[in-house]
Structure formats: C-alpha cells, structure tokens
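This report goes through the arrangement of the two chains shown below.

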Amino acid sequence: MSGITISNLTKRFGSNTIVDDLELTIDEGEFVVLLGPSGCGKTTTLRCLAGLETPEGGTISFGDRTVFDAKTHTDVATHRRNIGMIFQSYALWPHMTVRDNIGYPLKVRRKKEALRSGAVDKAAAMVDTGHLLDRYPSQLSGGQQQRVAVARGLVAEPDLVLFDEPLSNLDARLRDQVRTQIHQLHQRLGFSAVFVTHDQSEAFALGDRLAIMKDGRLEQCDTPQRVFDEPGSDYVAAFIGMGNRLVLTRHHEGWQTANGDVLDLGSRSPERGGADEIIARLRPADLHLHRAVEDAPHGSTVLHATLVTTEFGGRHYDVLVDVAGERLTLQADTREHGAWLPTAEEGAPVVVSFNPTDVRTYAADPARSAERESVAV
Amino acid sequence: MAAVLAAPMSRIRSRGWGGRIGYLVLAAALIYMIVLPLYRLQSLAFADGARGYTSQYGRDDIGEVIWTTVQLAFFSLVIAMVLGTILAFATSRLPRKFAFLRIVPVLPIVLPAVANVVGWAFLLSPGPGYLNAAMRHLPWWNHLESGPIDIYTPTWIIILTGFGLTSFVYLFVSAGMASISAEHLEAAQTSGSSTIGVFFRVVLPLLRPSLIYGGGVALLLGLGQFTGPLLLGSNTGVKVLTTEMYRRVSESPSDFAAAAAAGSPLVVLGLVVVLGQKLLLGDQTRFVTHGGKAFKSAPVRSRWAVATIVVYGIVALVLPLIGLILVALTPYWSSSISWGLLTLDNFRTLFQTSDIMDSVVTSVVASSIAVLFCVPIGFMIANLLVRGRRYPVIRLVADLVSALPLGIPAVIFGVGFLLTYTEPPIILYGTRTVIVLVYIVLMIPFATRLQMTALLALGETYIEASATSGASSFTTNVRIILPLMRPAILSAVALMFILLTHEFAASLLVRSPTTQVMGTRLYDLWANGSYPLVAAMALLMTAVTGLGVALAMLIGGRNVLDNL
C-alpha cells in the first residue's frame, strides 16, 4: 500500500452527474476530508471508494492494486477491498454484543491470530469502551455507539478507513469528544482515511488536507491552514465561514459599495486591468461595529450601515446590519456596546470597519453568485 | 427523478452471473407454478370456439349470479372497512391496563372461516339456532315458529363475510396507524379537536393509502368469497361465481371449461387490482419510513375503545365458539339444550374415525411443508424485489407474479391445479403433493410481502457495514440479515400456518376422497348433516391452529402475532 489514487472518476444517476471526472490522491497515512454541501458528490465519492456504488468511468487504485477500472470492467467487491467504514447512523448490529460487533471484521476475514491476541479488547480500550463489551448496542448512548463503530472500523487495520459523516447524529458536546478521539487515534495509528462532512469545523480539526467539492468536482484541495487563509474561490470562501459578501465596483480611488462608500482594500485590491466588479468576502469576526466613523481604528476600512437586529449571545451580540441592501453579520462585544446597542432601534445608522488584510476578493460572476445563495452556511 | 431516488438504494451487487441465473430460475419456477394453471384454464375456456364461455354465460341465472357476487363483495367490504378502521382506532386509544385487548381484533384469524360460519349457523339457523330460539322468548316474537333471523339469506351471508374480512382490514389500517406519529394527534388535540374531530380530520386523511390498499385486498377477498356462500347459501339457492365454479367442477361430468369461464371476471379483476397497485403505489412503498413516535401514546384514553373491542371480540369470537361448543357436546342439534345429555362422545367419535385423523395429519404436514418451502422462496423474491435493481425485467415479472395469488381467489387456483395435475405430464391427483403445491402458491404473496417489509425496515447500512467489514454477501445473509429478520420470519411462519390449516376453498377442489384436509372433511360432515361432529371438528381445527401459534410464540416470543 502506498496511497490511494482516484482518477477521472465519474458517477451518474440517470442523467444527473453526481461525481464529475474527479481526481484525488490520498497519501499513505493521510487524513483527507471531503467537504461540501449536501448533493456535492462527497458521499457518492466515498461510496465509490468503498465499492458500494459502481462508477460509470475512471479508475480507483489502492497502492498498485486497481480496485476499479471502468475500461477493463474491474470492480473489486466491497468485502475484498480491505477497508473499514464508519456510518452516520453507527450501523451497529443490534443482535450482537459490542464484543461481537467489534470482532466481526476479524472473524469474517478469518484473522484468528488477532482475535486470540485480544485485538477486540485493545480496539475497545482505544475508544474507552472496554467496559461495555458485553452490552448490546441498544444499551449504549449515541456517543458510545459511535465510538464502538470507530473501533469496529479500525480493528482489522484496513488499508483505508472511510468516515461517512460520523458525527452528524451526535449532539454538540459528544460531537467534540468523538472528534477529538478520532483525531488522537489517527495521530497514534497513522491510518489512511477519507472523512466526509459538511461541517467546516470538523474539517479544519481533523484533516491533513481538505478537498472542497462542488457539483461533483474538486473546487480546492489544500491544507486546512491554506484553505482558511486563502479560499480558492468565492464558493469556498462562503462555505468555510466567510459569510459576509459585498459587491464592489471599480472606482478611481479604490472600490465602491452600492451606497457610495469608497473602500481602500490595500494589498488585497485586485490589480488594474482585471474585472470592474468584484465580490469581497469577510468573516463576521473580522468586522467591527461603531456608532460613528470617528470611533473606527486608524487605518481600517469603513462602511456606512444601518442596524437590522441584535441578538444577545453572552459575551457578545450577534448583530445584523444592512450595507446598501446586502446583509452583513458581525459580533459586537457586550461590555463595549452594552450601553447603547440593546436599545438601538432598527434602521439606526451605524458604522462597520475592517482591516483591509482580512478581506478576500473574487471576480464577480453572476451565475456563481446566484448559486451561492443555496450554499449559505 | 426516479433514478435519483433509486440511487441510495442501489445495493451491494453480486458481481457475476450467479445472481442473474439464480433469479431467472426463480422467476421461471414462479411462472410455472402460478401462471401456468391460470393459462391452462383460459385456453380450455376458449377451446371449441369459447364453448366454456358460451355455456357459462348463456345461462338464465348468470345475471343474478354476478349481481349476488358484486353485492356480497361490496356490502361485506363496507362492513369490513368501517369495523376494521374503528377497531384500529380503538386499539390505539386503549387505556394502559386494557392494553392486552390489542390482540382481540386479530384473534378471530385463529378461528377457521368454516368454523366461524358453522358456529353462526348453530346460533342463527331459523329453526334450531340457539340465538333465534332465545329471541323467540321475547314477547314480540313469541308467536314465531322459526326465525326471526335466517342466516341462510344473502343479507346474513354478507354480514358474516364482512365480519370475516374485518381482521384483514384491521391489519392494514393498524399498520398505517403505526406510521402516524403521536405528535400529529396531539397537535390536533391542542388545536381544540375532540376525539371524533381528530379521527375525521387527521387520522382518516393520513390513513388514505392504507385504506385504499387494505380496501383493495378486502374487495378481492369479498369477490372471491367461497366458504360462506357454499355452506350457507347452497340449499337456499344463493349463487356466486366461486360456488358456480365449484358446482361446474363437482357435477358429473365435470365441466372445467365452464368453470374456468365462470372464474374469468375474478381473474381479470385480480389482475387489474394487482397492476393498478403497482402503478399507483409503484416504488413508493420502497421508501416508507416509520419516523416519529408511535401512534400508541395518544394521551386521551377512551373508555368507548374498551367497549368497542370487547363487543367485537364477543361477536366475532366468543359467540360462534359458544355455538360450536354447545353443539359439539350434544348428541344431536336442537333448539333446546338438554343439559343432562351433554357428552364428549362426538370428540371420541372424531378421534376414532381414522380418515378424520388422517385429514388432521394431512393438514398439518402439508401446511408445514408448504411453509418450509415458502420461507426461502419468499426470502429470495423479497431480496430480488428490494435489491434486484440490476435485473429490472426479472424483478418486474417476479413482483407481479408473486402478487397474483393474493388477487385471484383460491378457488380458481384450486380448479387450475386440479386441471393441470390430473393430466399428463405430471399426474398428482389424490396425493398430498398437489395440496402442498397449491398451498405454496397461495402463501407466496404472504411469504414475500412480510419478508420484504422486514428487509426494507432493516435498511441498507447494516448490510453495507457488513460488506465494508469484509463479509461476503453469503456471510452477510447468514450472520446479519437472517438473525435480524428472525421475528419477521417467525411471524410469517405463524400467519402462513394459520391460513393453511384453515384452508378450505382450494383444498376442496384438489382433495380426493382419500386425501382430505381438515376443512374439506368438515364440509363433508356438514353436507351429510352430522352437525355435532361438524362442531367438534371445527373446534379441533381451532385447537390445531392454536397449538401451531403457541409453538411459534414459544420459539419467537410472545409478540409473534403483534408483528402481523
């Protein structure tokens, strides 16, 4: 085994192309996260890797072993691919104890040596379920069930571990616990993994590399840090938390909003000769609220806005403001703004500032911006 | 769109030719067993310039026969739909301490149709019927010599048939109710609806698919009704298509062509309903999900629910049983009971008559063997229907053919089998084998549908989890699917055993004087007028069924019947 290679993978359901000529490699020991909204083809890609779907075209190789090749009609059955898979619904068999569930991959692969040497106990201990071995799945909590499922997926030391949104059915607290556990296990055991999720925080936490998918294709594939710092497209930026979007047009002193503010985007300003209309993307945390222009820090870029709503969020307020018809969200510190913000009326004029280095700009594409609406996270 | 819906359902495929060949053999066997007898009937009816049709439909009384058939089906359907729905709603509203009453609406299934019919005859026969005799003590009826009720009239045949179909409608409707979440009802109640308002505004509209489906099945069963009209209507000239078929075959010389022609409207209607259901429901049934909390936990408990179910239990089960027990314990049946003369002699006679005991053995053996064959056959068909998306043609054929025996009356299969297996190349007349074969055919729809429902409920991920763990599809079947389906399979076994030990219509045609089953032997006793023995035999049939069900419960746990 030395890595997984997917090339030209295409999967259609009827006339819908779900996975479109996809190229992706997973190095040995690498943890790749497939990230994207529902319907982008990430789960289908995972299921093609597992052999649970038969693609229409392309090849999949595990090391130098081809498990799927549309041209030669090679299609290695799921149970011969030496994989482990963890499902969103846990999929622990209710008629078997935890011990039998975890031991199943060893039993059906006739790994008697591993069974004798206590691999089941070791795998259970790895995910802190050693004391649950004689219980049935129905007697476990959701978090315990998913940890058992992780142990079952890893026990046979498969070439590739597939995670199909394994944390989606867990409540927020358990989700973080199981996520941390998966991360630790990967660091310790170094298995190759593909993890499907629509949750950017899971993706950032777990992935060695993120593959962001759109319409069956890779939109960007890079390390979490790079994806976070330099989203490759407006779509990626929107998906990984840069929810605030401003359409700007070229002005001789910089870039202009629809309500006439002229912005200096500094080093983030696209070069001359490019598009005359751009989309600026900003994270809510990078926007700051002020009562007047004078309050904004020196050197920051300033926007005139009106207040829409304010929600109390503990340490901060979640504030929605309107800038020339575009809605922006931001967070305002409770201590700083508590005196006036809760009583401010809708439509009250406010000022929003940001540091020009925090903005990311993309060429405006009318078709794309329409699509983005359905991807809003 | 359909393809997109289909996508998540696409399965772990068997990647070779093995699966295709296996399914082809299965489909061929189904066609041979189910379609061939029907085909032979039709080719006979159309022979000699459709002589069968001209003979059957040239008769003076054919209009009356068809009209009686339609009336019987329609009015008994109305009774069954109303009662079945009320019962299903009532069982969902039982107070906790009366929860055990939930079993009552399905219990009449344990009472064979023949036993039910003769039990009521003992109660409501115009002369010696016990209830009639009791009613004649009432001041306004004390001048009557007989009556006031005559069970041998079409009206009462319809009422009894309606009662018999109620349990079937109940099964469909209560299954539908299980998929209505308690929140739907609570939402209606908190919006200010009364119990009756909830029923008409929320429950009934949500139940529409189950009502249509259950109603379709009940209509077909009503059209194919045989036991009631034959036992109660023969002497008073009540004729329906099924009894006409039986008469044309059993008269001498037997006229198979005319019998086949008589059954044709029922075959056509059965085909229409089976195809119609496929078109209307189509693949939707494959995507039924039972989300939400179960219907049971409605907060308002109604006392009327207990009363309704108790009254139904008394009328559908207790009264006919009392009739049977009284007659079985008397030396002869008369309107006055001589308590001093009660005796067990009838049972002694029963046990000492060797051909009666033979019929019990034949029933039990033939039913058991048929069930043993049906479970794997049904499992294979269910697998093909649920997972066979790569064999669309074979799958469609299997789907339609396996549903036919539910749509087409058992009498017609009886005549078809009699015709097919009294002639070369395979002559099986008078053997237990032909009984087993016809039983298998009759039970294939039940074996298939019950296991298919279980397979669908199982979902995909358990199976995918097994495959990704490295298990072949054989290992997955043995270690994952079969253990998880055990309760459903045992329910199917229990239901099929009940239905087969009660089987009467098809058995009456394929039996021979020396190879009888319980129901046909009972009919002979009835035709001879040996009423006390009939009663004892009916009780024996009930007891045999009861033992079978008890055995199923012993193996499968107490809730075997709950899964029906």
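Into which domains is chain A divided?

## Domains of chain A

The model is predicted. Chain A is divided into domain 1, residues 4-234, and domain 2, residues 235-375. Taken over C-alpha atoms, the centres of domain 1 and domain 2 of chain A are separated by 38 Å.

The two domains of chain A touch through 12 residues of domain 1 and 15 residues of domain 2. On the domain 1 side, the elements that give two or more residues to this contact are β10 (209-214), β11 (217-222) and α8 (224-229) of chain A. By class, that side of domain 1 has five nonpolar, four polar and three charged residues.

## Database annotations

For chain A, an unreviewed UniProt entry carries the annotation "domain: ABC transporter" over residues 4-240. In the model, residues 4-240 of chain A are 35% helix and 27% strand. The end C-alpha atoms of this span lie 26 Å apart.

For chain B, UniProt (unreviewed entry) places the feature "domain: ABC transmembrane type-1" at residues 66-277 and 360-552. Residues 360-552 of chain B are 82% helix and 0% strand in the model. The end C-alpha atoms of residues 360-552 of chain B are 19 Å apart.

Five strands of chain A form an open sheet in the order β2-β1-β4-β5-β6, and their pairing is antiparallel. The edge positions belong to β2 (16-26) and β6 (74-75) of chain A; each has a single partner strand, so one side of each is left without a neighbour in the sheet. D69(A) has T74(A) in β6(A) as its bridge partner.

Helix α1 of chain A, residues 42-50, packs on this sheet. The strands touched by α1(A) are β1 (4-13), β2 and β4 (57-62) of chain A. The direction of α1(A) makes about 65° with that of β2(A).

## The sheet β14-β13-β12-β15-β21

A further open sheet of chain A has five strands in the order β14-β13-β12-β15-β21, with antiparallel pairing. Here β14 (262-263) and β21 (360-363) of chain A stand at the edges; each has a single partner strand, so one side of each lacks a neighbour in the sheet.

Within this sheet, β12(A), residues 244-251, and β13(A), residues 254-256, run antiparallel and are joined by three bridges. One pair can be named: T249(A) has Q256(A) in β13(A) as its bridge partner.

Strands β18 (316-323) and β19 (326-333) of chain A run antiparallel and are joined by eight bridges. The bridge partner of V319(A) in β19(A) is L330(A).

What do β18(A) and β19(A) form? They form a hairpin with two residues between the strands. In the turn, A324(A) has a positive phi of about 50°.

## Packing of α2 and α4

Helices α2 (98-108) and α4 (119-126) of chain A have axes that come within 9 Å and cross at roughly 115°. The crossing of α2(A) and α4(A) is right-handed.

Which residues of α2(A) and α4(A) meet? From α2(A) they are V98(A), R99(A), I102(A), G103(A) and L106(A); from α4(A) they are A119(A), V120(A), A123(A) and A124(A). The residues of this contact divide into seven nonpolar, one polar and one charged.

## Contact between chains A and B

How many residues does the contact take from each chain? It takes 24 residues from chain A and 20 residues from chain B. On the chain B side, α1 (2-6), α19 (461-468) and α20 (473-501) of chain B are the elements that give two or more residues.

Of the elements of chain B, α19(B) gives the most to the side that touches chain A, with six residues. By class, the chain B side has 11 nonpolar, seven polar and two charged residues.

Notes: Residues are numbered from 1 along each chain as its sequence is written. Chains are lettered from A and ligands numbered from 1 in the order in which they are written. This is a predicted model: local features need pLDDT of at least 70, side-chain atom pairs count only at pLDDT 80 or more; totals for chains, interfaces and linings use all residues. Two strands pair if DSSP finds at least two bridges between them. Helices (H or I, at least four residues) and strands (E, at least two) are DSSP runs, numbered from the N terminus. Two residues are in contact if their C-beta atoms, placed from the backbone, lie within 7 Å. Ala, Val, Leu, Ile, Met, Phe, Trp, Tyr, Cys and Pro count as nonpolar, Asp, Glu, Lys and Arg as charged, and the others, Gly among them, as polar. Axes are lines fitted to C-alpha atoms, for helices over the stretch in contact, and angles run from 0 to 180 degrees between N-to-C directions. A crossing is left-handed if the near helix is turned anticlockwise from the far one by less than a right angle, and right-handed if clockwise. Domain bounds come from an automatic or database domain assignment. UniProt positions are given in the numbering used here, feature names are shortened, and annotations may be inferred rather than shown by experiment.
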